[in-house]
Amino acid sequence: MAWITKNSGSATVARRDEPYLTDEMKAKAEREILPRFPTKQAATIPLLHEIQHAYNWIPMQAIEELAAYLELSASQVLDTATFYEEFFLEPRGEYTVWVCRSISCELMGQDKILRAAQDKLGIEPGQTTPDGKFTLMHVECLGSCGTAPCALVGEKLHECLTPESFAKILDETK
Ligand code: FES
């Protein structure tokens, strides 16, 4: 087996003047998030969620700002962010379509639901439509196994799907 390595030594970070991790976000973190954890560093994941919720993705500059705030290295925060496919380090579509592929949905035909989404959107899992409207993801259990097969469109859960009902939902979302 060969390891494929990427040379990131010459990578540049796109920057903007104003910070992503704003004073308001820090104030909210200190008020509502940090008190729930034994250390500041333990709040890395909820703060990544805060940033992603605010911008719909997590720019590298935001990783650096969060690392400085949590007194971690940028690589530690980046390690955490890249471990979870739910964090987006590139801009994604306005709506993320999450099709469940875990056991209950698999038994109930998730492959047909995914195919309906691929046909309707013209993209593969991990891709974004050219108009920036949808990003398609194929993910593990969405926690609604009793109503499989299911998928999220944005933050809305759709249950007991058929290929036809899902295509209609995507049409209506467009
Ligand atoms: S297996 Fe699909 S929601 Fe749990």
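**Helices and their packing**

Modeller: Helix α3 (residues 60-70) and helix α4 (residues 74-83) have axes that come within 8 Å and cross at roughly 120°; axes are lines fitted to C-alpha atoms, for helices over the stretch in contact, and angles run from 0 to 180 degrees between N-to-C directions. Ile63, Glu64, Leu66 and Ala67 of α3 make this contact with Ala74, Gln76, Val77, Leu78 and Ala81 of α4 (residues are in contact if their C-beta atoms, placed from the backbone, lie within 7 Å). This is a predicted model, in which local features need pLDDT of at least 70, side-chain atom pairs count only at pLDDT 80 or more, and totals for chains, interfaces and linings use all residues. Residues are numbered from 1 along each chain as its sequence is written. Helices are DSSP runs of H or I with at least four residues, and strands are runs of E with at least two, numbered from the N terminus.

Helix α6 (residues 110-121) has twelve residues and reaches 16 Å from first to last C-alpha, close to the expected 16 Å, which is 1.5 Å times one less than the number of residues. Its buried residues are Gln110, Ile113, Leu114, Ala116, Ala117, Lys120 and Leu121 (buried means 20 or more other C-beta atoms within 10 Å of a residue's own, with C-beta atoms placed from the backbone). They share one side of α6 because they cover an arc of only 155° around the axis, taken from the directions from the helix axis to the C-beta atoms. These buried residues pack against β1 (95-100), α5 (103-107), β2 (134-139), β3 (151-153) and α7 (163-173). Just after α6, Gly122 takes a positive phi of about 70°.

Key. Buried ≥ 20, exposed ≤ 12 C-beta atoms within 10 Å, placed from the backbone. Contact = placed C-beta atoms within 7 Å.
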